[in-house]
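The structure comes first, then numbered points.

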Amino acid sequence: MIKVIVIGSGNVAQHLITAFQNAEKTESGISLIQVFARKRESLAAIIPIQKVTNEFSELLEADLYIIAVSDDAIEAVSNELLFKNRLVAHTSGSIPMTVLNDNNRKAVFYPLQSFTKGAAVDFKTIPLCLEAENSIDFHTLNKVGKIISDHATAINSQQRKALHVAAVFANNFSNHLYQIANDICVANKVPFAVLKPLILETAKKIATLDPEQAQTGPAKRNDQLTIEAHEAFINDDNQLKIYKLLTQSIQHNGKKL
Ligand SMILES: NC(=O)c1ccc[n+]([C@@H]2O[C@H](COP(=O)([O-])OP(=O)(O)OC[C@H]3O[C@@H](n4cnc5c(N)ncnc54)[C@H](OP(=O)(O)O)[C@@H]3O)[C@@H](O)[C@H]2O)c1
């Protein structure tokens with residue numbers, strides 16, 4: 001039985017707790033023996049409160065400790081752990097494994113998905129990027145990862161950093177573009193909902209096509225008259241800058257402008 005402890009009570013911690021509790025029900029060989037939360041009651045709805053501690057000194061002995069706290073607090077929290085030579089992982093996409101305290105064996109357990117408390121996810125579908133200092137620890141991490149996800153894979157710190165930057169482009173930037181699209185719709189009194197099937201279809205195409213193959217639109221076709229008409233229509237400076245930059249980037253196929 002692999003004993004796991006989750007440290008944290010935020011978005012990722014709560015989804016991990018739920019995933020581990022679901023795995024326990026299937027007798028998968030994993031046991032979530034304890035959780036650390038500064039505010040114990042914040043987890044009352046998802047785990048029996050007697051399993052939650054707010055004292056680092058009360059942490060039990062486990063095979064894996066997963067620190068799922070804000071990026072800026074990972075180092076400080078790892079410094080609070082009073083034991084030595086145990087396996088301790090963080091869940092961040094952007095923080096190196098090396099920030100973890102040298103007292104323990106370091107690892108990363110990074111779920112590449114956008115999590116929000118209360119919004120259900122199927123953990124099995126989430127890619128888990130795993131890194132450890134040695135093969136034995138990686139084996140433990142991988143075993144745990146594969147119990148809750150069908151997509152656990154080895155990713156080193158440099159690759160993880162690249163993935164995190166790529167995820168900002170693919171996820172955060174495209175969502176920001178939805179916001180701009182929404183603003184344009186609102187300003188022109190057309191419902192944003194009309195665009196939703198198009199947004200979903202574009203996302204779906206990526207499952208079977210390269211992004212380059214999937215690209216359509218006036219910039220891709222080099223439809224200069226349409227591009228000029230769009231630029232004349234846009235009356236917001238920020239939107240115009242973004243429109244021009246992305247149009248050029250598409251025309252140059254993502255290469256130097
Ligand atoms: N959210 C995502 O989509 C996502 C996806 C993949 C990876 N991650 C990574 O997962 C980690 C957690 O992210 P999150 O979104 O779950 O964050 P979050 O919802 O903002 O929660 C942060 C957690 O950190 C705790 N915390 C902050 N400072 C602390 C300290 N000094 N001591 C003890 N606990 C402290 C908070 O406790 P209190 O509630 O007591 O303040 C809270 O439980 C981060 O490293 C993040 O990069 C996030």
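**Pockets and ligand**

1. Helix α4 gives the second largest pocket the largest share of its lining, five residues. Helices here are DSSP runs (H or I, at least four residues) and strands likewise (E, at least two), numbered from the N terminus. A pocket is an open set of points on a 1 Å grid over the protein atoms alone, where a 1.4 Å probe fits, with protein on both sides within 12 Å along at least five of seven lines; lining residues have an atom within 4 Å of a point.

2. This is a predicted model, in which local features need pLDDT of at least 70, side-chain atom pairs count only at pLDDT 80 or more, and totals for chains, interfaces and linings use all residues. Residues are numbered from 1 along each chain as its sequence is written, and side-chain values use heavy atoms, with hydrogens and water left out.

3. The second largest pocket holds about 930 Å³ of space, a volume being the space filled by probe spheres set on grid points joined across faces, edges and corners. Of its 38 lining residues, Val12, Val69, Ser70, Asp71 and Thr91 are the closest to its centre.

4. The ligand sits in this second largest pocket, meaning that more than half of its atoms lie within 2 Å of the grid points. An oxygen atom of the ligand is 2.9 Å from an N or O atom in the side chain of Arg38, and an oxygen atom of the ligand is 2.9 Å from such an atom in the side chain of Thr91; a polar contact is a pair of N or O atoms within 3.5 Å.

5. The largest pocket has a volume of about 2600 Å³. Of the residues in its lining, 13 come from α4, the largest share.

Conventions: A polar contact is a pair of N or O atoms within 3.5 Å; within protein, one must be able to donate a hydrogen and the other to accept it, and residues adjacent in sequence count only if both atoms are side-chain atoms.
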